[in-house]
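User: Hi! I've got a structure to go through with you. Could you help me make sense of the charged pairs and the helices?

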Amino acid sequence: MAKASSISKKTAKSAETASAPVSDSRLKEFFCEELKDIYWAENHIAKSLPKMKKSATTPELQTAFEDHLQVTLGHISRLEEIFGLLGKPVRGKKCDAIEGIVLEGESIIADTEAGTATRDVGLILAAQKVEHYEIATYGGLAQLATTLGLTEAASLLEATLAEEKDSDVLLTEIAENNINYEAAEE
């Protein structure tokens, strides 16, 4: 139990120091670099969503991809707002992880038959891999923003995190409602 008490004291101390924004530090520099990474990722995702929509078979999945494009554009706008809050130029840095996940999604399209539920299952899986990357990234960035005392940035990142979690849940629901079962019959 003493260990838990020690952790609580550290957490309380962290909350106290987080109230004043950190001007410059290695952590803030790292935070800014990670913002560039996710900014590039969101733009790359925005370019891939129309192809995913076109490749989807079911109207429900097509609508989900179309709606998520609009949500993604909102994420891009929030990131641009955060760059402005930090006084940094809006700039992306290539995100190798998202590039790889998107390429994997494109290979699913190439390797599955058009018009099948199996393709939709693959598209959902690829989209959820993207969502999980984004959830991890936005969760970490929101915590870093809090640590750095960047409360407005933290709030914007938490809003995006909530939307990414909602998208993941929606994709699971679409898969579980019918698509996975239809694919099992093909």
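User: What do the side chains of Glu163 and Arg78 do?
Analyst: They meet in a salt bridge, at 3.0 Å from N to O. Keep in mind that this is a predicted model. The pair links distant parts of the chain, with Glu163 in helix H6 (residues 151-185) and Arg78 in helix H3 (residues 59-86), 85 residues apart.

User: Is Arg78 buried or exposed?
Analyst: Arg78 is buried, with a relative accessible area of 18%. Glu163 is partly exposed, at 25%.

User: How many salt bridges are there in the whole structure?
Analyst: A search finds six. One of them joins Lys129 and Glu104, at 2.3 Å from N to O. Lys129 lies in helix H5 and Glu104 in helix H4, so this pair ties together parts 25 residues apart in sequence.

User: Nice, so how do the axes of H4 and H5 cross?
Analyst: They come within 9 Å and cross at roughly 175°. Angles over 145 degrees count as roughly antiparallel, and H4 and H5 are therefore roughly antiparallel to each other. Residues making the contact include Ile101, Glu104 and Ile108 of H4, and Leu123, Lys129 and Tyr133 of H5. By class, the contact has nine nonpolar, two polar and three charged residues.

User: Switching topic: which residue does Lys36 form a salt bridge with?
Analyst: That's Glu33, with the closest N and O atoms 3.0 Å apart. Lys36 is buried at 15% relative accessible area, while Glu33 is partly exposed at 27%.

User: And overall, how many helices and strands?
Analyst: Six helices and zero strands.

Definitions and conventions:
Residues are numbered from 1 along each chain as its sequence is written. This is a predicted model: local features need pLDDT of at least 70, side-chain atom pairs count only at pLDDT 80 or more; totals for chains, interfaces and linings use all residues. Side-chain values use heavy atoms; hydrogens and water are left out. Helices (H or I, at least four residues) and strands (E, at least two) are DSSP runs, numbered from the N terminus. Axes are lines fitted to C-alpha atoms, for helices over the stretch in contact, and angles run from 0 to 180 degrees between N-to-C directions. Angles under 35 degrees count as roughly parallel, over 145 as roughly antiparallel, 65 to 115 as roughly perpendicular and the rest as oblique. Contact means heavy atoms within 4.5 Å. Ala, Val, Leu, Ile, Met, Phe, Trp, Tyr, Cys and Pro count as nonpolar, Asp, Glu, Lys and Arg as charged, and the others, Gly among them, as polar. A salt bridge is a side-chain nitrogen of Lys or Arg within 4 Å of a carboxyl oxygen of Asp or Glu. Buried means under 20% relative accessible area, exposed over 50%, partly exposed in between (1.4 Å probe, protein chains only).
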